[in-house]
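Subject: Structure handover

Hello,

Here is the structure you asked for. Please open it alongside these notes.

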Amino acid sequence: LQIGDQAHVTDAASLSGRVDIPPFKLSETDGLELLRVPELDARIDLPVRNLDFLALLMPPLDSLELSGQGRLRGRLVLSGGEALRGTDLVVEANELAMDLGPYDFSGDGSVEILVDPRDESQADLTVRFDRVRAELEGGGADDSAGPRLLFLGRGLTARLHAAETDPATTSTAQSAEELLSEVDLALSVTIPSMSVPDLSVYNRLLSDKWAVRILGGQGEVAGRFVVKEQSLALDLELRSDEAKVRFKDKQVVTDLALTLHAAGRSDGGSATIELTGTALRLDQARVTKGDDREERPWQAALTITGGQLEIPVLGDRADPEPMDYLTRTLTDEGLGRLLADADGRVAATLSVSRLGWIPRLLDAPFGLTLSGKGEIDADLLLEDGWLAEGTTLEVEPQHLELGLLDHRLEGQGQAALALVSGGERPDLRLDVELHDAEVTRSGGGRAEIDQLRLQPAVLVTDVT
């Protein structure tokens with residue numbers, strides 16, 4: 001069996017059924033019209049050398065770039081060029097590959113085309129991998145470095161759902177491109193827990209404007225990605241018992257648990273992303289390289305509680321479609337690329353076991369130190385991907401110790417960190433308010449002054 005000028009599909013087949021071909025003029029029949037000529041109801045059992053023929057039954061399949069070989073079994077019902085109720089074809093493939101943009105999946109599994117038995121205006125193409133290896137093309141800092149391994153495991157599923165926009169009409173499309181305009185498509189990829197040999201490939205989740213990078217470590221990933229006509233959703237869980245992370249010039253080894261919820265939408269000519277529910281937790285974290293090398297581990301947890309980010313729609317086209325831009329950029333370059341251009345406001349809560357990172361963030365001027373722990377309410381403003389003026393972090397009232405020059409100030413109080421100006425080199429202001437405080441020299445000894453109300457403030461400019 002050979003279709004058009006394509007390679008042989010099979011050379012041994014079992015076909016049982018009925019084919020009716022009414023009279024037609026070949027000179028007046030072209031493109032998809034040829035598929036509308038025969039009436040077919042057949043049971044099929046045959047080996048196949050490639051999967052190209054599946055795109056004739058479901059043209060949107062081209063976007064998945066499927067390849068492989070195996071055995072095709074099932075029933076095919078065609079009328080007027082449309083697959084009807086009763087169609088259910090399965091290819092069991094021992095060499096199965098699927099490409100989605102820069103993502104390459106390979107292994108063994110099956111491909112199924114199923115017309116909804118309750119509504120034949122809808123159909124699903126489902127790709128199921130028993131074993132799968134996922135790679136990212138050009139996943140390194142240098143795109144010429146070749147593919148990088150994303151994960152290994154079992155059970156990945158991709159489903160392409162097609163629904164006719166107007167089931168009451170019969171398609172007159174002459175090409176696959178025209179046919180796509182007559183259907184609504186939804187693509188979902190479900191990833192059960194998979195092993196990740198090197199976490200650094202997931203730096204695509206982080207903006208290049210942030211001073212945070214994943215250096216390595218092994219872990220696990222699971223998630224789901226769904227794209228519809230006007231929305232997308234990315235849910236991802238990334239975990240590791242020994243992730244290596246860099247912040248500025250400091251390297252940290254930590255237990256890491258990231259739960260990502262990103263919902264993208266388009267409305268008219270704009271695009272938005274909401275990250276509510278996204279959470280990051282670090283446990284048993286230790287600074288292993290830098291001036292603040294630590295033996296005692298610390299913990300931190302960040303949860304985004306609300307807010308929405310606007311994504312400027314950029315592109316080569318004069319008037320790019322917002323949803324196309326979101327989907328293409330997220331797929332080709334990663335979530336971090338979208339965040340690098342984002343504007344908007346995000347609310348979050350931060351729980352930390354130590355507050356000592358705040359003075360280090362300010363490069364510890366005047367011997368500044370801050371001791372305490374607890375909850376922090378964060379109000380984060382972004383402009384062009386940078387934290388902007390108006391960003392604040394407020395520490396809930398608690399017992400605080402503030403070191404400044406050669407003195408230590410201790411008492412009940414609260415602290416707030418604010419961006420006075422934003423951008424790549426922001427100006428930061430730390431305000432501390434202490435009640436019933438006492439002042440001692442850093443070397444210890446009795447309090448020099450007590451029962452004070454103090455409101456020290458530290459302003460640091462051009463923070464890198």
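Glu-310 is exposed, with a relative accessible area of 53%. Here exposed means over 50% relative accessible area, buried means under 20%, and partly exposed is in between (1.4 Å probe, protein chains only). Glu-310 belongs to strand β17, residues 298-311. Helices (H or I, at least four residues) and strands (E, at least two) are DSSP runs, numbered from the N terminus.

This is a predicted model: local features need pLDDT of at least 70, side-chain atom pairs count only at pLDDT 80 or more, and totals for chains, interfaces and linings use all residues. Residues are numbered from 1 along each chain as its sequence is written, and side-chain values use heavy atoms, leaving out hydrogens and water.

Back to the surface. Glu-310 gathers with Asp-343, Glu-383 and Glu-389 in a patch of negative charge. Patch residues have over 30% relative accessible area and no salt bridge; like charges are joined within 9 Å, nonpolar side chains (Val, Leu, Ile, Met, Phe, Trp, Tyr) within 5 Å. Lys and Arg count as positive, Asp and Glu as negative; His and the chain ends are not counted.

Next, Asp-104. This residue lies in strand β6, residues 103-115. Asp-104 is buried yet has no salt bridge. The nearest side chain of opposite charge is Arg-133, 9.4 Å away. A salt bridge needs a side-chain nitrogen of Lys or Arg within 4 Å of a carboxyl oxygen of Asp or Glu. Not counting residues up to four places away in sequence, Asp-104 touches Met-98, Asp-99, Arg-133, Ala-134, Glu-135 and Glu-137. Contact means heavy atoms within 4.5 Å.

Now the salt bridges. The count comes to 19. Some pairs to look at:

- Arg-337 and Asp-341 meet at 2.9 Å, N to O. Arg-337 is partly exposed at 31%, whereas Asp-341 is buried at 9%.
- Glu-237 pairs with Arg-239, with the closest N and O atoms 3.7 Å apart. Glu-237 is partly exposed at 36%, and Arg-239 is partly exposed at 41%.
- Arg-429 and Asp-431 meet at 2.9 Å, N to O. Arg-429 is partly exposed at 36%, and Asp-431 is partly exposed at 27%.

Salt bridges that share partners also join Asp-45, Arg-71 and Arg-73 into one network.

Finally, the whole chain. The protein chain has five helices and 26 strands. Of its 464 residues, 42% count as buried. Among contacts with a separation of 6 or more, 59% are between residues 24 or more positions apart.

Best wishes

Note on methods:
Areas by Shrake-Rupley, 256 points an atom, 1.4 Å probe, with all protein chains shown as cover. Charge placed at Lys NZ, Arg CZ, Asp CG, Glu CD.
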